Amino acid sequence: MTPAHCPCGTGLPLSDCCGRVLAASAPAATAEALMRSRFTAFAVGDRAHLLRSWHPDTRPQRLRLDGSTRWERLEVVGKTGGGMLHAEGTVEFRAHYREGGEVGVMHERSRFVRHEGAWVYWGALS
C-alpha cells in the first residue's frame, strides 16, 4: 500500500514529493532531497531506487531490506553544501523506526556527491 503523504515528512503527497525521484521521472535537486527520497525508499521498500541512488564506487552488489522494520519518521538535524551549485554535501539525520514492537533511531551523517550530474549517496561519515 502506498502512503498518501510522503514518508520523508514534508507533509506533501508522495506523488508531489519523493515519488517523482523514486520513479526516476525527476532528479533530486539537492543532497537533502536525495536523502529524503532514500528514506522514503526504505519506508516503501524501493530497493531499486536505493541502489540507483548509491555511488557506484560504494554501492553494494545486493541490498536486502528487512520487512520487519517500519521506518516511521525522518528528522533532518543539519546539512552542509549539497545545493544546486555544489558538487558535494552532507546531511545529518535521525531516522525513527519500529522493529518487532521496539522503537529505535538510526542517527547518521551522510556524504552525498554529484556523479554524472546527479546527486548520489556516497556513504556514512564517522
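**View 1. Arg38 has its charged end over the ring of Trp54.** The gap to the ring centre is 4.8 Å. Here, "over" takes NZ of Lys or CZ of Arg within 6 Å of the ring centre and within 35 degrees of the ring normal. Arg111 does likewise with Trp122, at 5.2 Å from the ring centre. A quick note on the source: this is a predicted model, where local features need pLDDT of at least 70, side-chain atom pairs count only at pLDDT 80 or more, and totals for chains, interfaces and linings use all residues. Residues are numbered from 1 along each chain as its sequence is written, and side-chain values use heavy atoms, with hydrogens and water left out.

**View 2. Phe42 and Trp71 make a tilted aromatic pair.** Their centres are 5.9 Å apart, with 55° between the planes. Rings of Phe, Tyr and Trp (its six-membered ring) pair if their centres lie within 6.5 Å; planes under 30 degrees apart are stacked, over 60 edge-to-face, and the rest tilted. Phe42 sits in helix H2 (residues 31-44) and Trp71 in strand S1 (residues 69-81), so the pair ties together parts 29 residues apart in sequence. Helices (H or I, at least four residues) and strands (E, at least two) are DSSP runs, numbered from the N terminus.

**View 3. Ring pairs join Phe39, Phe42, Trp71 and Tyr97 into a cluster.** Searching the whole structure turns up five aromatic pairs. Trp71 is buried, at 19% relative accessible area, while Phe42 is partly exposed at 30%. Buried means under 20%, exposed over 50%, and partly exposed in between (1.4 Å probe, protein chains only).
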